[in-house]
Amino acid sequence: MEMQRKSKGNFSSKIGFVMAAAGSAVGLGNVWRFPYFVATYGGGTFLFVYLLLALVFGLMMIIAEVAFGRKTGKSPIGAFKSVNPKFGIFGFLAALVPTVIFPYYSVIGGWVTKFGFQYLRGGGYYASHDGFFSNFNSTFWDPIFWLGLFILITTALVITGVEKGIEKVSMYCMPVFFLMLVGLVIYGLTIPGAMEGLRHYLVPNFDNLSVMTFIAAARQIFFSLSLAMGIMITYGSYVKKEQSIEKAALQIGLLDTGISVIAGMLVVPTVIAIFGDEGLGQGAGLMFITLPRVFEQMPGGNAIGAIFFVMMLIAAITSAVSLMEVVVASVMEWFKLGRKKATIAVAIGSFLLALPTTLGFGVWSHVRWAGMNMLGIMSFISDTVLIPIVALSLSIIVGWVLKPHFIRDEVTAGGKHEFKTEKLFFFMIKWVAPCLMLLILVTSILNTFGFITI
Ligand code: TRP
């Protein structure tokens, strides 16, 4: 992290920070993971809880992390240590989160790469066949090849340091991708049965509300906003005092949530229109099974599919580059390695760690633990064990150890900016965040020992 700091310097413009943070936040989490979480965890009920938590809780967590980073001006480990040398462990755990996420993120990135090539070759028609996705995954080498390719592209970008270039590309692509999503939503809703699906997506049914809904929504919020993994603390350490943290958090949160909501509005109604309610249970493969069917029905569908998957690949790669950067920075710091060596080590290590996840969708699909396949297990470790511990420690440090005036001074930059949500912020950080995090931790432990199944 220290190395990064020197080379990156401060964000030169206000929009620079918002764009960088949004670039890290917007990725597969929005287009791949959000729709499948909505489908799995109850449609409109999930959406309702997600929006509620994102706005009252996610935003406050962004503010807390960015303010913590700006105040200490340090990398996550340094920031935690500056409060108390013993707290360094939480910075270490924060850095461990991307180490667990990057491998499985690359598996999905590999799928996107595969579909991108499939459409670029003009083979979208085949991608829309029943069983295309599962056949692809049931072979041994094919998914491994695309996973490897995705990690290779990401590694090449990190090693050559041309990320700045790709960040620019993604800045121009984001609005196009956004418009494309909106266009696809409109088309998707014209498919017979999609309106019924839209109702399922938008209308909550509180009979289905359970603790699980809150846990799933919180897991998705942390993943999607890149929270509790040191990212926002690091970005915060580059943010200038002239910038209002509160406003920036609102912009980042709204952008990320908006893209998720639109992606869900594309995937969920079309799944129901094409496959009926049973289609909702397709899990992680949801969009890869459904969207090709939508493209197939459209005039010029192959070209649209090609543009869609290429755009999605760009969004995935910018997020993957930033995930890998964090892991590389930590490896450099812990093992005193040079940048190149550390990057290669991370690439190889992540590839090996990703193998079980990718095989879990095919030849290893029988390997299950508490009903979860390998992807489920990996995201269980990151989302329900590591992230809650980091977020719990962060909320206790910010809410209780540092005392309110510390954060108030930072957010207002000594009175320069308003802090409109101050009361809500402290209520969230002191009470709601610790309770929610404990809830996730406890239920995940009970789940591990077989007392409950989540
Ligand atoms: N938020 C990203 C997404 O929605 C994924 C992600 C999680 C991430 N942690 C990150 C990206 C850290 C960059 C850095 O796809």
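**Glycine 276**

Glycine 276 follows helix 14, and its phi is positive, near 75 degrees. I take helices as DSSP runs (H or I, at least four residues), numbered from the N terminus. Residue numbers start from 1 along each chain as its sequence is written. I am working on a predicted model, where local features need pLDDT of at least 70, side-chain atom pairs count only at pLDDT 80 or more, and totals for chains, interfaces and linings use all residues.

**Helix 14**

I checked the span next. Helix 14 covers residues 245-275, 31 residues in total. From first C-alpha to last it reaches 44 Å, close to the 45 Å expected at 1.5 Å a residue (1.5 Å times one less than the number of residues).

**Helix 5 against helix 6**

I then turned to this pair. Helix 5 (residues 76-83) packs on helix 6 at an angle of about 160 degrees, with the axes 7 Å apart (axes are lines fitted to C-alpha atoms over the stretch in contact; angles run from 0 to 180 degrees between N-to-C directions). Helix 5 is therefore roughly antiparallel to helix 6 (the term applies to angles over 145 degrees). I noted contact residues (C-beta atoms, placed from the backbone, within 7 Å), including Pro76 and Phe80 of helix 5 and Gly88 and Phe92 of helix 6.

Methods:
Helices (H or I, at least four residues) and strands (E, at least two) are DSSP runs, numbered from the N terminus. Angles under 35 degrees count as roughly parallel, over 145 as roughly antiparallel, 65 to 115 as roughly perpendicular and the rest as oblique. Two residues are in contact if their C-beta atoms, placed from the backbone, lie within 7 Å.
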